[in-house]
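Thanks for coming. I will go through one structure this morning, and you can follow along on the screen.

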Amino acid sequence: MAAKSKRVPVAKTYKIYIDGKFPRTESGRYFALEDKKGAVIANVCRGSRKDFRNAVVAARKAQPGWAKASAYLRGQILYRIAEMLEGRREQFVAELRAQGVANRAAEKEVDTSIDRLIYFAGWADKYQQIFSAVNPVSSSHFNFSVLEPTGVVSVLAPDDSGLIGLVSNIAPAIVGGNSCVVLASESMPLCAVSFAEVLHASDVPGGVVNILTGFRSELTEQFASHMDVNAVVYCDADKKTAAAIQVAAADNIKRVISRVRIRWPDASAQHPYLIRDTQEVKTTWHPIGV
Amino acid sequence: MAVSAVNAMHRLPDLSRVPVVDEVGVNERVARFQTRSIKSASKIEALKLILSMIDLTTLEGQDTPGKVRQLCQKAIHLHDSMPGLPHVAAVCVYPTMVGIAREALQGRDINIASVATGFPSGQAPLSVKLEETRLAVESGANEIDMVISRGAFLAGNYQLVFDEIMAIKEACGDAHLKVILETGELGTLDRVRRASVLAMHAGADFIKTSTGKIQPAATMQVTLVMLQAIRDYFYETGRMVGMKPAGGISQSKLAVHYLVMLRETLGNAWMTPEWFRFGASSLANDVLMQLQKQATGVYQSADYFSKD
Amino acid sequence: MAIPENKLAFGDGWQYSPAPESIDHIKVRKKYDLFIGGDFVAPVKGRYFETINPATEERLSRVGLGTELDVDKAVAAARKAYSSWSRMKAAERGKYVYRIARILQERAREFAAIESLDGGKPIRESRDVDIPLAAAHFFYYAGWADKLDYAFPGRTARPLGVAGQIIPWNFPLLMAAWKIAPALACGNTVVLKPAETTPLTAMKLAEVVADAGLPPGVVNIVTGAGDTGAAIVNHPGVDKIAFTGSTAVGRIIQKALAGTNKRYTLELGGKAANIIFADAAIDQAVEGIVNGIFFNQGHVCCAGSRLLVQESVADQVIQKLKDRMDTLIVGDPLDKNTDIGAINSAAQLETIESYLAIGEEEGAELYQSACPVPDRGYWCRPTLFTGVSQSNRVVQEEIFGPVLAIQTFRTFSEALSKANNTRYGLSGGVWTDKGAKIFKITQNVRAGVVWANTFNKFDPTSPFGGYKESGVGREGGLHGLDAYLKLEA
């Protein structure tokens, strides 16, 4: 008679998220995420340039359709993401804790992330009204300026935050109709992968958000230089890296958005100007006549 | 009425295929013509050309043989103290006055234009319009300025308008037919363009903006639209159609702008009295004053120019 | 409509006599120094360069060649002026800017004549477009100075500091206005570098700035060429760079600024598609095509240099376009009847001519109007290329001259796809009578300015700037304030 054995928990395989699917990195490489004591928590995909390339293709394909979705729908989908995150609150708290965040702080981070999604969900059908203009030109023309998404945005998410930094950079990009390719925090990548699962369950069309895990040192330049990316967001690059990003970005006059030294959990880190960062102003003229 | 024989040649075109017109774009083009600066030799040439293109007009209920004779004298003697002036293209009168004008202009190379077809409203039965036209031609008019039935046009009864023009054209015989669209009653430039196309396909030799009895009368905007319609008709058929803006053109500067517009829209072939007229009563004197000013360098007074 | 065989004739008959704008009232000095700290000062190294009239190839004046040393002085002057200018009561700051607008209006005629002399553009345009719009731009932004708190909800707007501004030769005074007006209204001080072929109206503007009594150093103007511009871009005392010019140079600037904290706005090249649908108001569309590509000799970043015309009306549109081109008068920029003036410089003429050769090599059919051009000076007749495709260089690359590449399309989606198949995204045009179609296309053209049933319209209240490689940021309107402010919580 066998001894009564403890149930073996099923460990999660952390994959990347491209085009609404969860492949392993095409490179087949991984890096081991360890806890403070050096124990392996998970093997994380070491995403490659080719993964990034595939993600940009998916993001480009998905972007026009997402931009055309009504503002109301985009708002509802962001709200849905919040709902799904709320439902998996404990999982995210646990992942944050596993990556070294204290219990209270982890709970607070997840709660703030949920609330931030709600915050941006609410902006979906409002930011246009704040930032648009009807321009009183002198000639007999009707003239107005509206915001349009910049297109495909690459995001180097903050490294010092497993969830709130990620959410705070994805939400303003997609609420404005952009698609994005995100490089998760290198030191705390787990929540990013789980967040991809949340997105996947939240009616976010495949390709609108693509999340890679991997090494900054290998991928930063690609994120900045890809000719089919319209804007690059970075959050914690040192001066040298920031300069490298800016130089690479100039090849296609990419918009470069620096979000360094932002305390993401703070209320001051949520405002509609984050949405505006990845918007273009389009001005349209039309004659007024019979 | 023998309209059917001509019917085979002329068919009402599909007016829905006539290009639309954007008012603001037309205004901008017109403003551009007005920035042309016409100076020295080209101004003198233009002023003389304008004189030669004038249909000197009197169309009043109070017209009398005496008034018409005076007008004809003015047509002959524009300003005799100034040598080398052309004469006007025509005098334009009511049918009852054609005989008087014919007598007064005997032996002169000045055409006699008669309005007809229930001018200015056009609200008369076709039989009356035809009779009036024949009468005017018999009395000596070699140009007929008819009005279209605007009511029918606005009601969408294009066929009626088209048939009327064809019938009048036939009644004109050898007389040239100018078709007045009365653009001030058509309301939009789109309708002006359609009416132009309709009139040309129905056989108009000229298309003309206005009776002078309705405001606005001729404007550069409607004239441009009509010139563009003439150009398209020429492209399509090779037939030249003349243009006559009428009413409201009393300043030579404005008339010069019309010439600029004509030149840059239809080109030089149209720059003769055979293909372009001004329907005007007081333009001639302003042009004469300008010519005198060009000759003498001195600004002029109206008291030195005869008013008939 | 059948292919027209019945050609109109514009060549003979009544012609317009010369109607030159008189220039006896304008004053151009033999030599212009740099404008630094409120004074005209000689360049440190004492070097000058010539600015010539491109219509006659004659020298108009000699202008100071600013070096790093001069830029350094100018930035220092701007920095010194910044502390009081930025703290001045906003309404008072606005009044200075209003003064500039008013003086420009008073001296409009003089400015127009000099603009045409120095740059080659027809007096009709400098008189009716460049100068009035420049004055209007100052007037518009002057009024913003004390209203910035209302422009950005939830934020406090603060000036950036010293703005380095580098402007092109196609709209010399107007671009100076686009740069200086919002910068000053927002509380910045500026160092402006005009283009080397067109420095004169900027130097006249310096006189206006002095006459308006602006505190010394608020506006500094350093003339020179690329090196002078580079000195401004690279100067550590500059907080913001505003550049209008080619994408190639814009890219160099963006790279040069990497690793600095300098803000920048770039207004770069374009290759706009002007799309004509069969249901358009054709005659107005033809006029729009002409204004789109032949305005300012085609030296316009937002020029409608690609014509996409629906096949069913293509023959008609091209015929009308050719007839219209035959009425365009190329020649003396100072003649009030001139439609197309001189090409701005020998170098630019060479560039344009190289593209004419490229187009023909690529198998395109070239058409040029028959109008005569003067013997001396730099001239290019209005030019069409037909039979071109997306893969041709004359379709892909910015020529910056009066050269239109014409393609046809069959369907809406084909037109849109061709329009967007470009690295640029500055402007676009669409001509159709159908309202729903207008919105569909204006929403889907990836460009910062879209003209529907019109083209090449500008207004101080209307934001201007590009998507993609056409630049970063907007100039004009409420959105143009952003370029000269930092927004704080």
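A word on naming before we start: helices (H or I, at least four residues) and strands (E, at least two) are DSSP runs, numbered from the N terminus. This is a predicted model, in which local features need pLDDT of at least 70 and side-chain atom pairs count only at pLDDT 80 or more, while totals for chains, interfaces and linings use all residues. Residues are numbered from 1 along each chain as its sequence is written, chains are lettered from A and ligands numbered from 1 in the order in which they are written, and side-chain values use heavy atoms, with hydrogens and water left out.

First, confidence. The predictor gives the complex an ipTM of 0.96 and a pTM of 0.95.

Now to chain B, and two cis peptide bonds. One joins Phe119(B) and Pro120(B), with omega about 0 degrees. Where is Pro120(B) found? In the loop between strand S3 (111-116) and helix H6 (126-138) of chain B. The other bond runs from Gln215(B) to Pro216(B), with omega near -5 degrees. Pro216(B) sits in the loop between strand S6 (206-208) and H11 of chain B.

A cavity here is a set of points, on a 1 Å grid over the protein atoms alone, where a 1.4 Å probe fits but cannot get out; lining residues have an atom within 4 Å of a point.

What lines the largest cavity? Helices H2 (23-34), H11 (220-237) and H12 (252-266) of chain B, together with H9 (282-294) and H10 (311-325) of chain C, each supply at least two residues. H9(C) gives the most, with 4 residues. There are 17 lining residues, and those nearest the centre are Arg29(B), Gln228(B), Arg231(B), Glu287(C) and Arg324(C). By class the lining has 5 nonpolar, 4 polar and 8 charged residues. In this scheme Ala, Val, Leu, Ile, Met, Phe, Trp, Tyr, Cys and Pro count as nonpolar, Asp, Glu, Lys and Arg as charged, and the others, Gly among them, as polar.

Next, the largest nonpolar core. Such a core is a set of buried Ala, Val, Leu, Ile, Met, Phe, Trp, Tyr and Cys residues joined through side-chain atoms within 4.5 Å. Buried means under 20% relative accessible area, exposed over 50%, and partly exposed in between (1.4 Å probe, protein chains only). This core has 171 residues, of which Phe195(A) and Ile211(A) touch the most other members. Helix H5 (residues 172-185) of chain C gives the most to this core, with 11 residues. Domain 1 (7-268 + 470-488) and domain 2 (273-460) of chain C both give residues to this core, so it lies between them; the bounds come from an automatic or database domain assignment.

Last, two residues of chain A. Asp203(A) is not a glycine, yet has a positive phi of about 65 degrees. Asp203(A) lies in the loop between helix H7 (190-200) and strand S7 (209-212) and is exposed, at 54% relative accessible area. Leu219(A), in helix H8 (residues 216-225), is buried, at 1% relative accessibility.

Methods:
1 Å grid on protein atoms, 1.4 Å probe; cavity = no way out; pocket = protein on both sides within 12 Å on 5 of 7 lines; lining within 4 Å.
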